Amino acid sequence: MGICYGAQLMAHMLGGIVEAGANEYGKVDVAVDTASKLFEEIPSKTVCWMSHTDYINQVPVDFKITAKTVNCPVAAMENAAKKLYAVQFHPEVMHTPLGARMIRNFLYNVCGCKGEWTMSSFTKRTIKALKEKIGDKKVLCALSGGVDSSVAALLLHKACGDNLTCIFVDHGLLRKDEAKQVNELFGGAYNINLISVDASEQFLGQLRGISDPEQKRKIIGREFIRVFEAQAKKIGKVDFLVQGTIYPDVIESGVGDAALIKSHHNVGGLPDHVEFDEIIEPLRDLFKDEVRKVGLELGMPENMVYRQPFPGPGLGVRIIGEITREKIAILQDADAIFREEIANAGLDREIGQHFAVLTDLRSVGVMGDFRTYDYTVALRAVTTSDFMTADWATIPYDVLNTVSRRIVNEVKGINRIVYDITSKPPATIEWL
Ligand code: XMP
């Protein structure tokens, strides 16, 4: 199935003619041939997302035109006998409302897929395969409390029980009560061998006086590896080291811009001084939504499964300027209120990421009869599908109002709250 340039390439290589000069951009009405296997159950008039300047002017021999728009004589073509299909538009974006159905039609009607890749079959197969692979060997896992490492740890626990040891490093820059929740869930409810280290003194000591965000990231990454290695040393050599790598990590660590954009997100990389024979990456083939489904399959609580992404360096990149315990506490409280009210408003699933940022700005305010000179907190909330681009979320004013009142009333040290209304690009999601 050729899409956009793919369609043009297919036409060009098989003897059709591709020409310049039929610009189309945006949502366009398209007429489709409903007899095509690709357009089963699609109305003859529908909408598609176009983005092209060149166009297929003549299809190759034995190809049939199966869709047209006002400006595009070949919006889709096919050679059904050879199972070659092509669309000029983009079925993969949400602006083509029935695009997913077209892709489904291709997979089921043309390729003969049956849709047997379900998360329940994946979970069962993976646990079985891990059991066979691991036997009674030893496995080590770094647990961050994020969705990926949590689901990976649980899968491994089902497969090898007490042969799994998890190390959880609390760098002191986690969200409010997060360390407690991880300890209670994994060490308590799941009864996993958990080594939980409160290393906040060490991290905050190293971060004292540091304001530069890249420096902060480096220090946090370095200390993380140090703490992890020190703990791993106590266990001695293990057979397997677990990584919560998911499919987008596999793509993004590939080549080109994607690798560049994301390079700063790998907190410290792999430890050098942990002795292990092999890495296990049980989630390597899964997208995030699939990882969440596996989590639900394994009985993980929803508030854990639907956690929003949280950067490895944690609140370290959400406190502008020097990091102090006082600032961490202020930010944790403000952030917890923001998240709670977004959840109360039922918005937490549709907003991709939302959090508070503690700016380094203090300004004058009044509280009762007193003048105050306190911090400004910024609220950030974005909708996004891939975190590469993002729109600022249009949170209703009454929700923002509740958040604002609660933060100034309940959190000492804040007298001003601003809402970030920039999209990415040009702004990034995090402030630092
Ligand atoms: P930006 O700020 O680059 O964020 O638009 C895109 C996504 O990446 C997360 N992020 C990080 N994750 N370490 C991480 O593990 C980092 O240093 C880091 N910086 C940003 C951010 O939260 C968002 O989901």
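The legends below describe close-up views of a predicted model. Local features are described where pLDDT is at least 70 and side-chain atom pairs only at pLDDT 80 or more, whereas totals for chains, interfaces and linings use all residues. Residues are numbered from 1 along each chain as its sequence is written, and side-chain values use heavy atoms, with hydrogens and water left out.

**View 1. Domains of the chain.** The chain is divided into domain 1 (2-110), domain 2 (119-305) and domain 3 (318-419), with bounds that come from an automatic or database domain assignment. The C-alpha centres of domain 2 and domain 3 lie 28 Å apart. To their contact (heavy atoms within 4.5 Å), domain 2 gives 18 residues and domain 3 gives 14 residues.

**View 2. The second largest pocket.** This pocket, an open set of points on a 1 Å grid over the protein atoms alone where a 1.4 Å probe fits, with protein on both sides within 12 Å along at least five of seven lines, has a volume of about 280 Å³, taken as the space filled by probe spheres set on the points. Its lining, made of residues with an atom within 4 Å of a point, consists of Val 93, Met 94, His 95, Thr 383, Thr 384, Ser 385, Asp 386, Thr 389, Ala 390 and Asp 391. Domain 1 (2-110) and domain 3 (318-419) each supply at least three residues of the lining. Three of the lining residues are nonpolar, five polar and two charged, where Ala, Val, Leu, Ile, Met, Phe, Trp, Tyr, Cys and Pro count as nonpolar, Asp, Glu, Lys and Arg as charged, and the others, Gly among them, as polar.

**View 3. Packing of helices α3 and α10.** Helix α3 (residues 119-134) packs against helix α10 (residues 288-297) at an angle of about 70°, and their axes are 9 Å apart. The two helices are therefore roughly perpendicular, a class covering angles of 65 to 115 degrees. Met 119, Ser 120, Phe 122 and Thr 123 of α3 meet Glu 290, Lys 293, Val 294 and Glu 297 of α10. The residues of this contact comprise three nonpolar, two polar and three charged. Helices are DSSP runs (H or I, at least four residues), as are strands (E, at least two), numbered from the N terminus.

**View 4. Backbone details.** A cis peptide bond with omega of about -10° joins Lys 424 and Pro 425, and Pro 425 lies in the segment after β17 (414-419). The bond from Pro 425 to Pro 426 is cis, with omega near 10°. Lys 83, in the loop between β7 (76-79) and β8 (84-87), has a positive phi near 60° although this residue is not glycine.

How values were computed: Axes are lines fitted to C-alpha atoms, for helices over the stretch in contact, and angles run from 0 to 180 degrees between N-to-C directions. Angles under 35 degrees count as roughly parallel, over 145 as roughly antiparallel, 65 to 115 as roughly perpendicular and the rest as oblique.
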